[in-house]
Structures are given as C-alpha cells and as structure tokens.
Amino acid sequence: MRLSRRNLKNISSLPEDAKPLEKIFSLPEKVLQFGTGVLLRGLVDYFIDKANRNGIFNGRIVVVKSTEKGTVTEFDKQDNLYTLCIRGAEEQSEIEEFSINSSISRVLQARENWSEILRCAHNPALNIIISNTTEVGIRFSPDNIHSSPPASFPGKLLAFLVERFKVFGGAKESGMIIIPTELLVDNGSKLLSIVLELAELNKVEANCIEWIKNSNHFCNSLVDRIVPGKLSKDETVIIEKRLGYSDELMITAEPYRLWAIETANKDVLKALSFSRADKGVIIAPDIEKFRELKLRLLNGTHTFSCGLAFLAGLETVKDAMNADFMALYIHHLIFNEIAAVMSNERIPYDDACKFADDVISRFNNPFINHHWLRITLQYSEKMKIRNVPLLIKSYKKLADPPRYMSLGFAAYILYMKSIRIESGNFIGQRNGTEYTIQDDKAATLMDKWKSDSIDKVVNDILTDRELWGVDLFLLNGFADTVKNNLYSLMKNGVRVTIENLLENKTVALS
C-alpha cells in the first residue's frame with residue numbers, strides 16, 4: 001500500500017494525531033515555496049504542518065521545483081504527502097516519532113508550469129514566499145523576467161511580484177512576506193537588493209519598484225536542523241514494514257530544530273502565526289547571535305571537516321564520530337579554534353562552547369546518516385561564506401595560523417582536484433573510487449590543479465580574490481601551513497596527518 005490521501009484511512013500503525021484530518025486538504029494556499037529539498041520539507045514544512053494540525057495557521061504550500069533534475073511524479077503519486085521520521089535525543093530522552101506531513105497542496109515545475117505559478121500571484125490569501133535554493137541561488141545575474149521562466153531565483157521572484165502588483169493595482173495590503181532560508185548573512189536584505197537591481201535592468205515601472213520596497217517585507221532568517229533526507233534502503237524496508245505502507249518521499253530528521261526570523265513588524269508577526277505552534281520558531285528584531293552560532297559552529301565545522309572525512313573513507317558524520325582520529329579533529333576544531341575565534345562581547349566563549357556541546361551531541365545522533373558527500377555540495381561557496389571570515393578573525397586574535405582550520409582547507413583543495421570531466425560532471429578520485437564534484441567553481445579548481453607544482457597550486461588558489469573575496473596568501477604563514485598539510489594528505493593520508501597534528505608533528509615541505 002502506497003501512502004496517499006485515499007489510503008490514509010487504512011493506516012492503523014500511527015496515532016490519529018500523526019495523520020492529517022480530511023479538512024486539512026481544503027485549507028487555502030497561503031505559501032509559495034521555492035525548493036523541494038529535504039531541509040524545507042523537514043523543517044519549514046514541518047512547522048506549518050504542525051500549526052495546521054493545531055488549527056493555528058490553516059494554510060497550505062504551493063511548491064515550485066526550479067531544478068531540471070528529477071520530476072514531481074513522486075509527489076503526484078502520493079498526493080504530496082510524505083512521512084517525516086524524527087529520531088534522536090532531546091532533553092536526555094530518546095525520540096522516535098513518525099508523522100504524515102500534509103502541508104503541501106501541489107508541486108509545480110517552473111519550466112512546465114510557469115503560467116500556473118504566476119496565477120498564484122492572483123490569490124489574495126497567498127502572502128508568504130519561502131525559498132531554499134542553496135547559497136548560490138541568491139546571487140545577481142542578468143535575467144529576463146519575461147522569460148518562461150526566468151533563469152534565476154531572484155528573476156522568478158521579481159516576475160511573481162510584478163504579476164502581483166499588476167493584479168492588485170499596487171495595493172499596500174497585497175504585499176508579500178518573503179523569507180529566504182539560504183545560509184547567507186542578511187539573506188533577506190541581499191535578496192531585496194538583487195531584486196531591485198533586476199527591476200532596474202528589466203525597466204520595471206517606478207510605481208512597482210516602490211511597491212516592492214515599501215509594501216513587501218524581506219525578512220532575514222536562518223534555519224537549523226540536520227535533515228539527511230532519505231533513509232538507507234535497509235532502514236526504509238524496516239520502517240515501511242512497521243508503518244504498513246510504502247513512501248518514496250519519506251525523510252528523516254533530528255529532533256533539534258530552529259527557524260529564526262528577523263522582524264519587528266506586528267503585521268508580519270500576525271501573518272506568521274505558525275510560529276505559535278512550536279518553540280523552534282523564533283521571531284525577533286535581531287537574529288545575529290543565532291545566525292553566528294549556527295553558521296560558524298555547526299556549518300563551519302561541517303565545511304572544514306567534510307572533505308577531510310570523505311577523503312578518509314568515512315561516508316557519514318556518524319562514521320566520523322565513531323572514528324577516534326576524526327572525532328578528535330572535530331573536537332579540537334570546534335572548541336579550540338572556532339569557538340575561541342568567534343567569541344566576543346555578544347557571544348561569550350562559554351555560550352559558544354555550550355552551542356558547540358550541542359553540535360557534538362547532534363553529530364553523535366546514532367539515527368542520522370548525514371552523508372559528507374552531500375555536505376560538499378557547493379563546497380567553495382560554503383568555504384567562502386562560512387569559514388573565510390573565521391580565518392580572518394583568527395588572525396586578528398592570534399599570530400599563528402589556525403592548525404585545524406588549515407588542515408580542513410588543505411583537504412578542500414585536495415577534494416576539489418578533478419581528474420576528468422564526464423558528461424559535464426567533474427570527477428574526483430578517492431583511493432581509486434570516483435566521485436562527482438558538485439561545485440560551481442569546479443572548473444576553476446581543475447584549471448589550477450593543472451600545475452605540477454603543489455606550491456603553485458596552493459598559491460594560485462589562495463591568491464584568487466574571485467574565489468574568496470580576499471587574498472588568503474596575505475595571512476601570515478597560512479600558505480605554508482596549507483602546503484604542509486596538503487603534502488601530508490597526499491603522502492600519508494588523512495588518518496596519519498591528523499594523528500601527526502594531534503601530536504604536534506609536522507611534515508616538512510619537499
């Protein structure tokens with residue numbers, strides 16, 4: 001039996017409050033969501049579904065699938081229902097919770113259904129737009145908003161807002177609440193600036209631009225929940241047997257959850273009524289502290305560690321925490337370097353360490369198979385946004401290069417070494433096994449790796465301001481430390497390199 005609206009009545013394995021009531025399916029569409037990814041489904045859509053169950057928000061989500069990869073067939077077959085498995089520890093209690101999420105009303109493909117997506121702008125009840133298009137999604141590129149569809153996410157958003165303006169005549173109350181969840185500092189403010197730049201490029205009328213500025217609310221936000229996505233095949237078989245139905249969209253997530261939204265506007269707060277359903281939604285005038293803790297300690301640790309762990313043959317975060325050498329690396333990185341470097345008057349070191357403790361506990365969740373290869377997606381952009389600021393802060397506090405960050409950066413360089421291009425994909429190699437590098441800067445790194453000199457490879461990468469926004473070669477001793485680590489990784493492998501680092505040994509340049 002496949003999960004579907006018709007089959008809900010035949011599912012007896014779940015308590016009634018874990019299944020949607022029939023009235024849920026007639027709720028109006030209130031949210032337009034750009035992205036079908038597991039983070040949105042495991043966090044944002046979880047909050048909205050929970051609020052609907054409690055009779056609070058009473059609205060559903062129209063999801064826009066912008067990428068060409070994959071289809072929406074699985075959603076159609078299951079009436080957009082999916083099972084969320086929450087597994088792990090919370091407040092020292094083990095959690096295993098299953099619920100059928102019914103927050104999504106329909107999923108539309110941008111290329112095939114663009115006119116239908118624009119018709120959503122005609123719906124007066126729909127007043128919230130949410131996105132998660134990865135860090136590279138919120139970036140300016142010249143775009144024609146009259147294309148069907150525009151190429152970029154900001155272009156699609158602007159086209160939607162222009163349609164909304166036309167339909168409602170620029171009425172103030174027709175403005176939207178736009179909440180990007182991409183992991184960028186001031187993501188809402190950046191998205192607004194890009195939309196306004198595109199509006200000028202596309203010669204959008206002045207009244208519409210003023211309406212976008214003054215009647216729409218672009219909120220900075222951050223999200224925090226580890227949502228690895230699909231369970232392993234073996235786990236899926238076991239759980240589907242327990243539940244009594246099959247589900248191609250089933251995903252798993254940890255108990256910890258946070259969605260911090262920055263606004264002081266009372267009308268916005270009222271519209272985001274789903275925030276009352278769960279303590280994990282925080283709406284505040286300033287979310288900088290939440291953002292900094294999460295971006296540096298959780299995501300920064302992921303980014304410094306992912307290439308290293310993957311090259312060591314460790315597939316998941318759980319595997320890394322079960323390997324003493326890698327667990328020690330992560331522990332030293334997060335407490336001795338990242339927490340120490342980022343602490344300031346607003347975030348005391350003790351607060352940073354408390355958050356770091358929580359991160360380590362989350363990494364140790366035995367139920368979560370969070371794959372390092374997935375974490376390497378857009379590795380270069382993540383390194384730039386999450387970790388380059390940490391490197392710079394480190395040099396403002398300490399004279400010497402940060403040892404664990406430097407090793408993580410060296411592992412990034414090695415991971416990004418493509419051996420060839422196949423069907424448009426950049427292919428790397430780990431111990432004779434090939435992997436696909438999914439990174440917009442893969443061609444740039446491949447070109448730099450053409451040199452026979454490791455010194456030149458590192459120098460060219462560190463001095464590339466297009467990659468980092470700064471010249472990392474200017475950080476005193478950083479280049480030599482990265483080179484030492486890269487030599488050791490290539491000669492001795494990850495484990496020996498980390499063990500030497502822990503014992504304060506180095507490998508001389510040769």
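1. Which strands does helix 1 lie across, and at what angle does helix 1 run to strand 1? Please keep in mind that this is a predicted model. Helix 1, residues 38–53, lies across strand 1, strand 2 (60–65), strand 5 and strand 6. Its direction is at about 165° to that of strand 1. Helix 3 (residues 110–119) also packs on the sheet, where it touches strand 2 and strand 5. Helix 3 and strand 5 make an angle of about 120°.

2. Six strands form an open sheet with parallel pairing, in the order 5-2-1-6-7-8. At its edges are strand 5 (104–109) and strand 8 (217–218), each of which pairs on one side only.

3. Strand 1, residues 29–34, pairs with strand 6, residues 128–131, in the parallel sense over four bridges.

4. On to charged side chains. Side chains of opposite charge can pair when their charged atoms come close. The count of salt bridges comes to 28. One of them joins Arg242 to Glu96, with the closest N and O atoms 3.4 Å apart. Arg242 belongs to helix 7 (residues 233–243) and Glu96 to strand 4 (residues 93–101), so this pair ties together parts that lie 146 residues apart in sequence. Arg242 is partly exposed at 46% relative accessible area, and Glu96 is also partly exposed, at 37%.

5. Are Arg257 and Asp278 buried or exposed? Arg257 counts as buried at 15% relative accessibility, and Asp278 counts as buried at 5%; the cut-off for buried is under 20%. These two residues form a salt bridge whose closest N and O atoms are 3.1 Å apart. The pair links distant parts of the chain, 21 residues apart. Arg257 sits in the loop between strand 10 (251–253) and strand 11 (258–262), while Asp278 sits in the loop between helix 8 (266–271) and strand 12 (281–284).

6. A further pair to look at is Arg420 with Glu422, whose side chains meet in a salt bridge at 2.8 Å, N to O. Arg420 is partly exposed, with 28% relative accessibility, and Glu422 is partly exposed at 40%.

7. Lastly, which residues join Arg291 in a network of salt bridges? The network links Arg291 with Glu288, Glu292, Arg296 and Lys393.

How values were computed: Residues are numbered from 1 along each chain as its sequence is written. This is a predicted model: local features need pLDDT of at least 70, side-chain atom pairs count only at pLDDT 80 or more; totals for chains, interfaces and linings use all residues. Side-chain values use heavy atoms; hydrogens and water are left out. Two strands pair if DSSP finds at least two bridges between them. Helices (H or I, at least four residues) and strands (E, at least two) are DSSP runs, numbered from the N terminus. Contact means heavy atoms within 4.5 Å. Axes are lines fitted to C-alpha atoms, for helices over the stretch in contact, and angles run from 0 to 180 degrees between N-to-C directions. A salt bridge is a side-chain nitrogen of Lys or Arg within 4 Å of a carboxyl oxygen of Asp or Glu. Buried means under 20% relative accessible area, exposed over 50%, partly exposed in between (1.4 Å probe, protein chains only).
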